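Subject: Structure handover

Hello,

Here is the structure for you to look through. My notes on it follow below.

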Amino acid sequence: MLRHQFRKISRLPLAWMWLALVVGMLCVVAEPLRAQNDTAQRDAWQRPNEVMDALGLKAGSAVGDIGAGGGYFTFHFAQRVGPNGKVYAEDLREKEMADVQSRAQKENLPQIQTIVGAPDDPKLPVGTLDAILVCNAYHEFHDYNDMIQGMYKALKPGGVLGIIDAPAEPGQPRESYYQPHHIPKELVRDDFTHNGFQFVKELPGFKPPDEGSRSYYFLLFEKPVSTH
């Protein structure tokens, strides 16, 4: 009887070890699945293929994702441009860029290069990009003229730039748009045309399915082929 009880007790640590191992494995599996589900849900309303089509991205393209954050568009871009293309993921936050770089290495995507930019300089290579996207970030630019000039210089002649952001009523002081995280599209157009870009068109916007969530507009600009 005592021997039987001792056997039961001696097996408990092993059972707990197996339980911990199983739980750990489930967590490892669950995290990528959760990320995949989040991406799939966003794809449904963000329509990344339409965005990439509007930017003219194809195999071999070079594109910048400014204010890339966690890299939602960065990784979509990487799949579209392929190993012979280039994706510059730029953000002010070093932690975000480190996470993007780590994921890119794990997924064997050497076409992704992360850049920790400055508030007045995206630090993009000059004259090399076919397209740039600034998604839900332009409203935060305090040194917006310097940032626009940095993006302008990075684009090839004829390169395109897309702005996705949340609308706001025009005519207010600029600082009033920072904290609510929105900006009038009229102001965006003025900023970019003042800095040498040509406005191309406004494309269909985006509306997340969450009740009460904000909508987003989508503006497309182009760097002129010739300044003459």
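Which charged end sits over the ring of Tyr152? That of Lys223, 4.7 Å from the ring centre; a charge sits over a ring if NZ of Lys or CZ of Arg is within 6 Å of the ring centre and within 35 degrees of the ring normal. Arg103 likewise lies over the face of Phe75, at 3.7 Å from the ring centre.

Some ground rules. This is a predicted model, in which local features need pLDDT of at least 70 and side-chain atom pairs count only at pLDDT 80 or more, while totals for chains, interfaces and linings use all residues. Residues are numbered from 1 along each chain as its sequence is written, and side-chain values use heavy atoms, with hydrogens and water left out.

The sheet: 7 strands form an open sheet of mixed pairing, in the order S3-S2-S1-S4-S5-S7-S6. Helices (H or I, at least four residues) and strands (E, at least two) are DSSP runs, numbered from the N terminus; two strands pair if DSSP finds at least two bridges between them. At the edges are S3 (112-116) and S6 (198-206), each pairing on one side only. The twist averages 20° from one strand to the next. S4 (residues 129-135) and S5 pair in the parallel sense over 6 bridges, and Leu133 has Gly162 in S5 as its bridge partner.

Helix H6 lies across S5, S6 and S7, at about 15° to S7 (axes are lines fitted to C-alpha atoms, for helices over the stretch in contact, and angles run from 0 to 180 degrees between N-to-C directions). Val188, Asp191 and Phe192 of H6 are buried, meaning under 20% relative accessible area with a 1.4 Å probe, protein chains only. Down the axis of H6, its buried residues fall within an arc of 90°, so they line one face of the helix; the arc is that of the directions from the helix axis to the C-beta atoms. Their cover includes helix H5 (144-154), S5 (155-165) and S7, where contact means heavy atoms within 4.5 Å.

The aromatic pairs number 10. Rings of Phe, Tyr and Trp (its six-membered ring) pair if their centres lie within 6.5 Å; planes under 30 degrees apart count as stacked, over 60 as edge-to-face and the rest as tilted. Phe192 and Phe221 are a stacked pair, 4.9 Å centre to centre with 25° between the planes. Phe192 is in H6 (residues 185-194) and Phe221 in S7 (residues 216-222), 29 residues apart. Phe221 is buried, at 0% relative accessible area.

Regards

Key. Buried means under 20% relative accessible area, exposed over 50%, partly exposed in between (1.4 Å probe, protein chains only).
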